[in-house]
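Please look through the sequence and the model shown here before reading on. The report that follows takes up a few features in turn.

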Amino acid sequence: MSNNTYFRFSKWKTGKSCEVELYNSTEKLLKTAHTNKDGWLSSPLLTEKEMKKGEFELLFHIGDYFRKTHLSLEQPPFLNKVPMCFYINDSTQHHHVPFFLSPWGYQIYRGS
């Protein structure tokens with residue numbers, strides 16, 4: 001998993017300090033990271049050695065992010081944590097995961 005995971009939040013602003021957790025298929029927490037001022041992860045979630053074929057889950061803590069930005073939302077927020085389950089078939093390939101969101105919706109896809 002490359003460090004090219006990045007976040008664009010509502011109105012095309014980058015998402016600074018959003019917590020992201022990475023879990024394996026047995027729900028073991030592998031890594032926790034926070035996005036930088038540009039909305040990117042500063043380092044890969046998985047190194048080349050850690051990159052293995054299998055199922056994983058990213059958990060984005062967007063409710064906490066929006067609370068830190070002092071955005072006035074109902075409590076609890078409509079979206080609090082967003083999971084993304086994915087499978088790595090080829091551990092030698094580049095994996096880039098753009099994540100776009102607002103307090104009421106999101107889009108995640110495998111980038112190039």
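Which residues form one aromatic cluster? Phe60, Phe99 and Tyr106 form it, where rings of Phe, Tyr and Trp (its six-membered ring) are taken to pair if their centres lie within 6.5 Å, and a pair counts as stacked with planes under 30 degrees apart, as edge-to-face over 60 and as tilted for the rest. This is a predicted model, in which local features need pLDDT of at least 70 and side-chain atom pairs count only at pLDDT 80 or more, while totals for chains, interfaces and linings use all residues. Residues are numbered from 1 along each chain as its sequence is written, and side-chain values use heavy atoms, with hydrogens and water left out.

**Aromatic pairs**

By the ring rule the count comes to five aromatic pairs. One of them joins Phe56 and Phe86, which are stacked at 5.8 Å centre to centre with 25 degrees between the planes. This pair links distant parts of the chain, since Phe56 belongs to strand β5 (residues 54–60) and Phe86 to strand β6 (residues 82–88), 30 residues apart; helices (H or I, at least four residues) and strands (E, at least two) are DSSP runs, numbered from the N terminus. Both Phe56 and Phe86 are buried, a word that stands for under 20% relative accessible area, with exposed meaning over 50% and partly exposed in between (1.4 Å probe, protein chains only). Phe100 and Tyr109 make another stacked pair, with 6.0 Å from centre to centre and 5 degrees between the planes. Within that pair Phe100 counts as buried at 16% relative accessibility, whereas Tyr109, with a relative accessible area of 33%, is partly exposed.

**The nonpolar core**

A nonpolar core is a set of buried Ala, Val, Leu, Ile, Met, Phe, Trp, Tyr and Cys residues joined through side-chain atoms within 4.5 Å. The largest one here has 23 residues, and those with the most contacts inside it are Leu22, Leu45, Leu58, Phe60, Ile62 and Phe86. The elements that give two or more residues to this core are β3 (19–24), β5, α1 (62–68), β6 and β7 (98–102), and β6 gives the most, with four residues.

Strands of a sheet pair through backbone hydrogen bonds, either parallel or antiparallel. In this model four strands form an open sheet in the order β4-β3-β5-β6, with antiparallel pairing, and two strands are said to pair if DSSP finds at least two bridges between them. Because β4 and β6 stand at the edges, each with a single partner strand, one side of each is left without a neighbour in the sheet. Neighbouring strands of this sheet are turned by 20 degrees against each other on average, direction ignored; the axes behind this value are lines fitted to C-alpha atoms, for helices over the stretch in contact, and angles run from 0 to 180 degrees between N-to-C directions.

The antiparallel strands β3 and β4 (residues 29–34) are joined by five bridges, and Tyr23 stands opposite Leu29 in β4. These two strands form a hairpin with four residues between them, and Glu27 in the turn has a positive phi of about 65 degrees. Ala33 also lies in strand β4 and counts as buried at 16% relative accessibility. Leaving aside residues up to four places away in sequence, Ala33 touches Cys18, Glu19, Val20, Leu41 and Leu45, where contact means heavy atoms within 4.5 Å.

**Salt bridges**

A search of the whole structure finds three salt bridges, each being a side-chain nitrogen of Lys or Arg within 4 Å of a carboxyl oxygen of Asp or Glu.

| Salt bridge | N to O distance |
|---|---|
| Lys31 and Glu50 | 2.9 Å |
| Lys37 and Asp38 | 3.6 Å |
| Asp64 and Arg67 | 2.7 Å |

Lys31 in strand β4 and Glu50 in the loop between β4 and β5 are 19 residues apart, and their pair links distant parts of the chain. Lys31 counts as partly exposed at 26% relative accessibility, as does Glu50 at 33%. Because Asp64 and Arg67 are three residues apart in helix α1, they are separated by about one helical turn.
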